[in-house]
Amino acid sequence: MPEPLRCTGSIKTRDLRFSRAMIFAIGEINNSTELLPGIKLGYQIYDSCASVTVAVHVAFQLLNCLDPVFYTGDNCSQSGMVKAVVGETGSSPSISMSRIIGPFNIPQVSHLATCACLSDKQQYPNFFRTVPSDQFQAEALAKLVKHFGWTWIGAVRSDSDYGNNGMASFLDAAHREGICVEYSESFYRTHPRSRIQRVADVIRRSTAMVVVAFAAFGEVRLLLEELSLEPSPPRQWIGSEAWVTDTELLRFSFCAGAIGFGIQKSVIPGLRDFLLDLSPSKVAASPVLTEFWEDAFNCRLGKSAATDERVCDGTEDIKMLQSPYTDTSQLRITNMVYKAVYAIAHAIHKAVCQETNSTTQCDKFTRIESKEVLTQLKKVNFSRNGYDVSFDANGDPVARYELVNWQKSESGSITLVTVGQYDASLPVGQKFRINRNLTWVDGGTQVPVSVCTDSCPPGTRKVLQKGKPICCYDCLLCPEGEISNATDSPDCFPCPKEFWPNAERDTCLPKPVEFLSYNEVLGIILATFSVGGACLAIITAAVFYRHRTSPIVRANNSELSFLLLFSLTLCFLCSLTFIGAPSEWSCMLRHTAFGITFVLCMSCVLGKTIVVLMAFKATLPGSNVMKWFGPPQQRMTVVSFTFIQVLICTIWLVLSPPFPMKNLTIYKKRIILECALGSAIGFWAVLGYIGLLAVFCFVLAVLARKLPDNFNEAKLITFSMLIFCAVWITFIPAYLSSPGKFTVAVEIFAILASSFGLILCIFAPKCFIILFKPEKNTKKHLMNKNKS
């Protein structure tokens, strides 16, 4: 035969208070003339020692009627018939008991078995409880952790149905809230000490500041005792209702600041007087009370077997005793026992009593079955001492909790302070509220930080660390061109096309718009040369006009010279249209003005070259060439060549004109405001036509360069065309490869360089002779008739 089951260890005075509260409630009911008049309830209290094995043994005793279960007083007609069971305290013993007594339809009402699994009516149809299910507590704890910004926590639990199921519900809720768990350890009070030491070492070595303990009182006490042996880093404890409101644990000062949800604190009138009403005869009649009395006062009732043991002499005053048994300032679970007894009494009332003329009549001879009590328990709905009692379809009450905080008093002791509430019956967003200040670990007033990685500031994004939970990440700077404007942003997003991030990469700023302007050095220099070139052309024209009757002016076709100087003036000035912010009119004007003025210029140079050739042909005997290329023909040649360019430009402007555009591709950080060509064919047609005229003019000038004359203009035209062609041949690759506003600068430079080349090569030598060598400005010298 196995050894008889015996309880080990000292009596737990809080549980003794629970059993005495049940006796108090039964006494109130038996003395009531309203609830069950004429009916007396009996009871038998068993100590399960928080053991599943002992609880199962007790359950079989109830079923087999091996012990008298009901109080057998006078006129008791139904002794020994079990109608209901109050208990058990733990979830695992409650599960075992429910499986045994459930098939017999005996209702079981627990005051502290909170495992969510017990809400399954398929498995536990006879189970009720006056304490809320852990499902509600787990969700409340997860919201509490999230509320204070803790995303990196540790978790410990009882290796029991209560701890395992409660922690599973909590971890599931925590995962939905984005909370990560560094470790999750389980242990039980019967495990070897090495197991508890290992859990304590995990807590000491962890980086998580917050520890959530979903455990029963016995396991938490053993763990805290182990942690107290070797100081550990400060930890913020979050507790479940099974231990966080137990005043016996307040002696662990390093847990100051702990918070958790507890059953609502209550008041039971008359209970304290009942608890303190322990006469020596009552104590001696009960082995449990005897053990409590001897442990509380450190004496022996009756004669002592040992000479060194003090005998209780009757001077012991329980009213002066500081013990969880006598402490009624935190009646929480005690009220759950009280309500459980009253719930059973109300179920019996519904089964055997009737209300008539404001009086209650109960038939004490009616034989009621436990199944009927079970049925009526589902319907009970009453209020006792201001607290509502009812059960939902799962046998659970409405979940209401108080948020309690372990705060140090001025004397240095730790007290339980209610700092908030949680009511699952309220709408979402109103269930959880805090109504006073909390103190934290080590008595601090600042909320402790418990994160795996500090929050990523704006301008960065989160990148998960390989092999670690989602709360552990690195903060990487946003890539170029992208920003993040929120803390802990998982991604960066690109700025709009016309914006660029600031240095911190948390804001998109408008890109600076860039174009060749009159306010910058390059623009000023080019504008100066442009105006200077135009002034030079005007001065040259003035000199020629002043000396228009001189041989050198008349010999070089003064009409074409003045027209050429006019076109050069326009060439210089048209470069100014390339400077400044592009607009629709400036984009169309700059290219067409440039194309037409340069063709006008080339036409004049070409006319002068043809005149030179014709002039020397006319000196040959019998030649009348000049009559075919006189002034009218020269004008017609200039007009015809220019008209072709005008026609090309008109077609370009009509079909696909240039237009202003924002170039976002050349530079990432700024916008280039430029003129788009509209039609590249139109642009290159204009440029190509100018080049064709320049080449044609160059060829004719080369042919005429060796004609006899002291001042042969063909040589000057040849040099000017060499410069012109060289400038525009180098312009093409430079234009195509220059970025942004430098494209415009290259085009202006080509216009100015070729214009200066023409005016200097063609007109500078003539102006030099006119102004500084007047002796050479004679017809004889021009005709080379003077001797060397």
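How many of the 20 residues of H12 are buried? The count is 18, so H12 is largely enclosed by the rest of the structure. Keep in mind that you're looking at a predicted model.

- Start with strand E7, which covers residues 236-239. On one side you'll find Gln236 and Ile238, on the other Trp237 and Gly239, and all of these are buried, leaving both faces of E7 covered.
- If you're wondering about that pattern of sides, here's the general rule: in a regular strand, side chains alternate between the two faces of the sheet.
- E7 has a parallel partner in strand E6 (residues 210-214), and four bridges hold the pair together. Look for valine 212, which sits opposite isoleucine 238 of E7.
- Strand E8 (residues 259-263) also pairs with E7 in the parallel sense, this time over two bridges. Here, glycine 239 faces glycine 260 of E8.
- Trace the chain from E6 through helix H7 (residues 217-229) to E7 and you've followed a right-handed β-α-β unit.

**The nonpolar cores**

- The largest nonpolar core has 91 residues. The members that touch the most other members are Leu36, Leu144, Trp150, Phe170, Phe261 and Ile318.
- Helix H12 (residues 333-352) supplies the largest share of this core, with 14 residues.
- Zoom in on leucine 36: leaving aside residues up to four places away in sequence, it touches Ile29, Leu41, Ala345, Ile348, His349, Cys353 and Cys362.
- Another core, of 69 residues, lies apart from that one, and its members include Ala541, Leu677, Cys725 and Ile759.

**A length check on helix H12**

**Serine 575, tucked into a loop**

- You'll find serine 575 in the loop between helix H16 (558-574) and helix H17 (584-618).
- Is serine 575 buried or exposed? Its relative accessibility is 1%, and the cut-off for buried is under 20%, so serine 575 counts as buried.
- The side chain of serine 575 makes a polar contact with the side chain of serine 530, at 2.7 Å.
- Not counting residues up to four places away in sequence, serine 575 touches Ser530, Ile748, Ile751 and Leu752.

Terms used: Residues are numbered from 1 along each chain as its sequence is written. This is a predicted model: local features need pLDDT of at least 70, side-chain atom pairs count only at pLDDT 80 or more; totals for chains, interfaces and linings use all residues. Side-chain values use heavy atoms; hydrogens and water are left out. Buried means under 20% relative accessible area, exposed over 50%, partly exposed in between (1.4 Å probe, protein chains only). Two strands pair if DSSP finds at least two bridges between them. A crossover is right-handed if, with the strands pointing away from the viewer, the path from the first strand over the helix to the second runs clockwise. A nonpolar core is a set of buried Ala, Val, Leu, Ile, Met, Phe, Trp, Tyr and Cys residues joined through side-chain atoms within 4.5 Å. Contact means heavy atoms within 4.5 Å. A polar contact is a pair of N or O atoms within 3.5 Å; within protein, one must be able to donate a hydrogen and the other to accept it, and residues adjacent in sequence count only if both atoms are side-chain atoms.
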